[in-house]
Every structure is written in structure tokens, then in C-alpha cells.
Amino acid sequence: MITTRVLANQKWLMGLVAISLVSACQDPVIEQAPQPSYQSVSSQSLVLADSYLYQQTFSGTIRSGNTTEIGFELSGKIKALAVDSGDNVKQGQQLAKLDTRLLVAAQNELNASLSQNKADLDLARATLDRSLGLQKQGYVSEQQLDELKGQLNSLLAAKTRLEASLLANQLKIDKSTLLAPFDGVISKRNHNLAEVVNVGSPVFTIIEHNNIQAYIGVPVEIASQLTSGQAVDITVRDQPLQGVIAGIGAELNPVTRTVDLRVTLPKSAKVINGELSYLHYQQTQASQGYWVPLSALTDGVRGLWNIYTLSPADNKLFSIERRDVEIIYTTDNKAFINGAISPNEQYVSQGLHKLVAGQLVSQQTQVATR
């Protein structure tokens with residue numbers, strides 16, 4: 001029993017020695033240092049341009065070609081109103097009417113006077129004809145004939161006067177009806193039924209259809225570059241429209257120091273009288289610089305801006321450099337700049353808030369898009 005236990009211990013010691021010898025023959029484990037990680041940036045090349053398109057915007061108002069306050073040429077009481085604010089009207093359509101009873105009474109009186117004049121004329125002519133026959137027989141003197149001729153001429157003059165008065169009365173009756181001078185829409189009604197209106201007092205304000213125009217003031221130097229009939233870009237209530245210059249003013253506004261342009265808008269334009277309108281005018285400005293996205297710019301010092309350029313370093317890496325630039329002109333999403341930069345240099349186009357000058361970065365691969 002003791003011999004068996006001794007043999008077992010010997011075997012255990014021999015196994016332990018064997019394991020130790022095997023472990024001593026293996027190479028030691030060496031830990032590798034971690035590789036540094038560099039931030040990847042999006043970049044573009046600077047392209048030199050000799051000029052840029054400079055867009056200016058000028059404001060004005062929408063006005064119809066004819067916006068007219070219309071009223072009666074006579075004073076009187078309003079008998080009827082056929083339309084109201086917002087109604088569309090056609091040229092020649094009746095809009096309102098005055099009480100014409102006094103005019104009708106005067107017309108009847110003139111017609112009666114004219115009838116009496118006609119009867120007097122008939123009698124005077126018959127008397128003169130008989131007197132001429134009696135003169136040949138020596139029964140009528142020259143004095144009597146002259147008196148009869150004078151009476152006839154006086155009656156003829158009275159007839160002319162009565163006919164003129166009758167015509168004037170008829171014109172007053174006609175002008176007691178207010179008619180639309182053109183196709184349009186009633187913008188405002190100023191009087192009510194049965195009101196007594198004075199001569200020329202406006203009853204309605206009417207705006208003409210299909211004659212919409214924008215009146216926009218521009219500086220003299222811009223006006224000198226424009227011509228009548230030239231197409232221009234107009235915006236009304238974020239609605240882009242193509243207008244045509246109908247006229248250029250010949251006088252400088254003493255307050256705004258601008259020249260008025262009269263621009264005709266398309267008939268299909270959905271605008272309202274008095275709305276604001278904007279003229280967009282582009283011109284080429286000669287100046288060397290580079291177009292970059294606004295995301296490529298960051299605040300600098302002393303009124304300047306900064307752009308980050310990429311300078312080649314080791315192992316396909318790039319070093320960030322901060323360059324001072326000046327913004328010459330901006331649009332909604334890009335800027336035209338110049339400064340301490342050169343053509344074809346690579347610059348960081350976005351993500352500047354994650355970078356600092358001198359930082360090592362890698363460049364993103366630019367994938368061509370169709």
C-alpha cells in the first residue's frame with residue numbers, strides 16, 4: 001500500500017517538471033502599442049475667378065395701370081347702387097344712378113316750349129307768305145314785311161336755343177347714370193343709397209383688370225443700364241414673375257434719390273393692388289477671388305475671417321493651417337473671398353468646429369457623383 005502511494009507521487013512530480021520544461025521553451029508574449037487615429041476631413045480645391053455676379057434687390061409697389069375714383073359729374077341724390085366692393089364689372093356696365101325727376105320735369109317743360117315755338121313759327125311763316133302776296137298788290141308796306149321777317153328770325157333763334165337746352169338736359173339725364181369706364185373690380189364704395197353727393201365726389205374706386213404694373217425705384221446708374229422692353233425678374237409674395245419694363249422715369253425722386261421703373265407684369269400674376277414687389281438685378285463685378293461654401297469659414301480677428309487649408313505631411317497626412325481671408329460678397333450658401341490663399345490649394349469645406357491649427361488629419365476620398 002505504501003509502495004503504490006510513493007509511485008503515484010513520483011508520477012505527479014515528473015508531470016510537473018515536464019510542464020515547466022515546455023513553458024520554458026515558448027517565446028515571451030509582447031504587447032503592441034495602439035496605432036494613432038487621425039480625423040478625416042472633407043476638402044475641396046480653391047479655383048481662382050476673375051469676377052462674380054453681384055445681385056441687387058430693389059423694392060416697389062404693385063399698382064394697376066388704371067386705379068380710378070369715379071363719381072357723378074352732377075350733384076344729386078343717389079337713387080340706385082348696382083354694385084358694391086369686390087364686384088367685377090365690365091366696361092359700360094351701370095354702377096349707380098341719381099334721382100332724375102327734376103331733370104325729367106325740366107325736359108317736359110322744354111318739349112312744351114319747343115312745341116309752342118313750332119306753332120308760332122308755322123303762323124309766322126304763313127303770315128309772311130300772305131304778306132308777300134299782298135305786297136305785289138300794294139297792300140303791305142316794306143316796314144310790315146321787315147317786322148314779319150324779324151319775328152320769324154326771332155322764333156328760329158328761340159327754336160335753336162330750346163333745342164340746345166333740351167340737348168343739355170338730356171346729357172344731364174344721361175350723366176345721372178354712372179357707367180364703368182373699363183373692365184375691373186370695385187375696390188371701394190364711398191357713398192350709400194339716398195345720399196346727396198356733390199359734383200365730382202367719388203362714389204366708387206375701380207381697379208382695372210389685366211393691366212398690372214410694378215413701380216420700383218432704382219439708382220440712376222442702374223436705370224442707365226436698362227431699356228424699355230427689357231425683361232426683368234420680379235418677386236411678389238415669394239412668387240417669381242417675369243416682367244417687362246414699360247417705362248423708365250426721367251426724374252429723380254428727391255426723397256429716395258431713385259428713378260422710377262414701370263414694369264408690366266403677366267396677366268396671370270396673382271397680385272393685389274398696393275402689394276410690395278421686388279426687382280432682382282444681376283451685374284458682373286470685376287474682382288479676383290474664390291468661391292467657397294459658408295461652412296468653410298470661421299471667425300477671425302480684426303474683422304477678418306479664417307479658412308483652414310491642408311498642408312501635406314508624412315504618411316499621407318495633412319496639417320491644418322489657418323489663413324486670414326476677406327469676404328467680398330455672399331449669397332445664401334457661399335461666399336466670394338480673397339486673402340492669404342493661392343489657386344489649387346486644398347481647404348477644409350466643413351466641420352471646422354472639430355479642428356485646430358496644426359492638427360494632423362487625413363483627407364476624405366472624393367466620390368464622383370452623376
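Trainee: Taking it that two strands pair if DSSP finds at least two bridges between them, what is the bridge partner of Thr235 in S14?

Mentor: The partner of Thr235 in S14 is Pro240, and that bridge is part of an antiparallel pairing in which S13 and S14 are joined over 6 bridges. Please keep in mind throughout that we are looking at a predicted model.

Trainee: Noted. What lies between S13 and S14?

Mentor: The two strands form a hairpin with 2 residues between them, and Arg237 in the turn has a positive phi of about 55 degrees. Asp238 also lies in the loop between S13 and S14, and its phi, near 60 degrees, is likewise a positive value in a residue other than glycine.

Trainee: Is Asp238 buried or exposed?

Mentor: Asp238 has a relative accessible area of 75%; because exposed means over 50%, the residue falls in that class.

Trainee: And where does Ala194 lie?

Mentor: Ala194 is found in the loop between strand S9 (184-189) and S10, and its phi is near 75 degrees, a positive value in a residue other than glycine. With a relative accessible area of 46%, Ala194 is partly exposed.

Trainee: Why call S12 largely enclosed?

Mentor: Of the 7 residues of S12, 6 are buried, so the strand is largely enclosed by the rest of the structure. As for its partners, S12 pairs with S3 in the antiparallel sense over 5 bridges, with Gln213 in S12 as the bridge partner of Arg63. S12 also pairs with S15, again in the antiparallel sense, over 6 bridges, and there the bridge partner of Ile216 is Leu261 in S15.

Trainee: What is Val263 in contact with, leaving aside its neighbours within four places in sequence?

Mentor: Val263 is in contact with Ile212, Gln213, Ala214, Val232, Ile234, Gly243, Val244, Ile245 and Ala246.

Trainee: New topic. In what order do the strands of the open sheet come?

Mentor: The open sheet has 4 strands in the order S8-S7-S5-S10, and the pairing is antiparallel. Strand S8 (177-179) and strand S10 (196-197) stand at the edges with a single partner strand each, so one side of each is left without a neighbour in the sheet. Further in, strand S5 (residues 76-81) and strand S7 (residues 94-98) pair in the antiparallel sense over 3 bridges, and Ala96 in S7 is the bridge partner of Leu81.

Trainee: What about pockets: how much space lies in the largest pocket, and which residues lie nearest its centre?

Mentor: The largest pocket holds about 260 Å³ of space. Its lining consists of 15 residues, of which Ile207, Glu208, His209, Ile212 and Val271 lie nearest the centre. S3 and strand S11 (202-208) each supply at least two residues of this lining, and the largest share, 3 residues, comes from S3.

Trainee: Last one, for the whole protein: how many helices and strands has it, and how much of it counts as buried?

Mentor: There are 4 helices and 22 strands, and of the 370 residues 31% count as buried. The protein exposes about 23900 Å², with carbon and sulfur atoms supplying 52% of that area. Among contacts with a separation of 6 or more, residues 24 or more positions apart account for 73%.

How values were computed. Residues are numbered from 1 along each chain as its sequence is written. This is a predicted model: local features need pLDDT of at least 70, side-chain atom pairs count only at pLDDT 80 or more; totals for chains, interfaces and linings use all residues. Side-chain values use heavy atoms; hydrogens and water are left out. Buried means under 20% relative accessible area, exposed over 50%, partly exposed in between (1.4 Å probe, protein chains only). Contact means heavy atoms within 4.5 Å. Accessible areas come from the Shrake-Rupley method with a 1.4 Å probe; for residues, only the protein chains shown count as cover. Two strands pair if DSSP finds at least two bridges between them. On a 1 Å grid over the protein atoms alone, a cavity is a set of points where a 1.4 Å probe fits but cannot get out, and a pocket is an open set with protein on both sides within 12 Å along at least five of seven lines; lining residues have an atom within 4 Å of a point. Grid points are joined across faces, edges and corners, and a volume is the space filled by probe spheres set on the points.
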